[in-house]
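Welcome! Take a moment to look over the sequence and the fold, and then we can walk through some of the helix packing together.

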Amino acid sequence: MIVKEVVDEYLLTLPEVKQYLEEILNERKKNEEEEQCYEFRKAMNHATTFSKLKSFESRELVNKLIDNKISISIAIKIADLLPLTNDEVRAIFSKEKYTLKDDTIKLILDYIKNYI
């Protein structure tokens, strides 16, 4: 596959990637193109296996986290991984230059519990 130019770039959650890949797959099936390439099949398999939420739910969760002053890259990691314990949340924030307060961790876990 040859890419001519990058039109836009933004961060997506894994369920959103899965949705886009499904749209591409359906479009290619309509056009009756040849069999999907290895990379596409692997990406589709990964997205299907590890997506835990629907795309709109994951975006809602990311938006809620962003509203609470969490960076978009961390919010997307949280939406993809859906941590269930304090230690799992702390592990996601381990590379950040600040530590989380317990009330922030509790808020994150409460948001996640709404979607599980």
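## A serine in a loop

Where is the place of S51? This residue sits in the loop that runs between α2 (38-50) and α3. Please keep in mind as you read that this is a predicted model.

Is S51 buried or exposed? Its relative accessibility is 17%, and buried means under 20%, so S51 counts as buried. The side chain of S51 reaches back to the backbone oxygen of A47, at 2.5 Å. Leaving aside residues up to four places away in sequence, S51 touches L14, P15 and K18.

Let us turn to the helices themselves. In general, two packed helices are described by the angle between their axes and the distance between the axes.

For α1 and α2, the axes come within 9 Å and cross at roughly 135°. That angle makes α1 oblique to α2, and the crossing is left-handed. On the α1 side, the residues that take part are L14, K18, L21, E22, I24, L25 and R28. They meet F40, A43, M44, H46, A47, T48 and F50 in α2. Sorted by class, the contact of α1 with α2 has nine nonpolar, two polar and three charged residues.

## Where α1 meets α3

Helix α1 (residues 14-30) also packs with α3, at an angle of about 145° and with the axes 8 Å apart. This crossing, too, is left-handed. Which residues make the contact? From α1 come P15, E16 and Q19, and from α3 come S55, S58 and R59. By class, the contact of α1 with α3 has one nonpolar, three polar and two charged residues.

## A closer look at S58

S58, one of the residues in that contact, lies in helix α3. With 0% relative accessibility, S58 counts as buried. Its side chain makes a polar contact with the side chain of T13, at 2.8 Å.

What does S58 touch, not counting residues up to four places away in sequence? The list is T13, P15, E16, L53 and A79. Two of these names, P15 and E16, belong to α1, while A79 belongs to α4.

## Where α3 meets α4

Next come helix α3 (residues 55-67) and helix α4 (residues 72-81), whose axes come within 9 Å and cross at roughly 140°. The two helices are therefore oblique to each other, and α3 passes α4 in a right-handed crossing. From α3, the contact draws on S58, R59, L61, V62, L65 and I66. From α4, it draws on I72, A75, I76, I78 and A79. By class, the contact of α3 with α4 has nine nonpolar, one polar and one charged residues.

## The buried side of α4

Which residues are buried in α4? They are I74, A75, I76, I78 and A79.

Just after α4, L82 takes a positive phi of about 50°.

Definitions and conventions. Residues numbered from 1 in each chain as written. Predicted model: local features only at pLDDT ≥ 70, side-chain atom pairs only at ≥ 80, totals over all residues. Heavy atoms only, no water. Axes fitted to C-alpha atoms, helices over the stretch in contact; angles between N-to-C directions. Helix = DSSP H or I, 4+ residues; strand = E, 2+ residues; numbered from the N terminus. Parallel < 35°, antiparallel > 145°, perpendicular 65-115°, else oblique. Left-handed = near helix turned anticlockwise from the far one by under 90°. Contact = heavy atoms within 4.5 Å. Nonpolar A, V, L, I, M, F, W, Y, C, P; charged D, E, K, R; others polar. Buried < 20%, exposed > 50% of the residue type's maximum accessible area, 1.4 Å probe, protein only. Polar contact = N/O pair within 3.5 Å; in protein donor to acceptor, adjacent residues only side chain to side chain.
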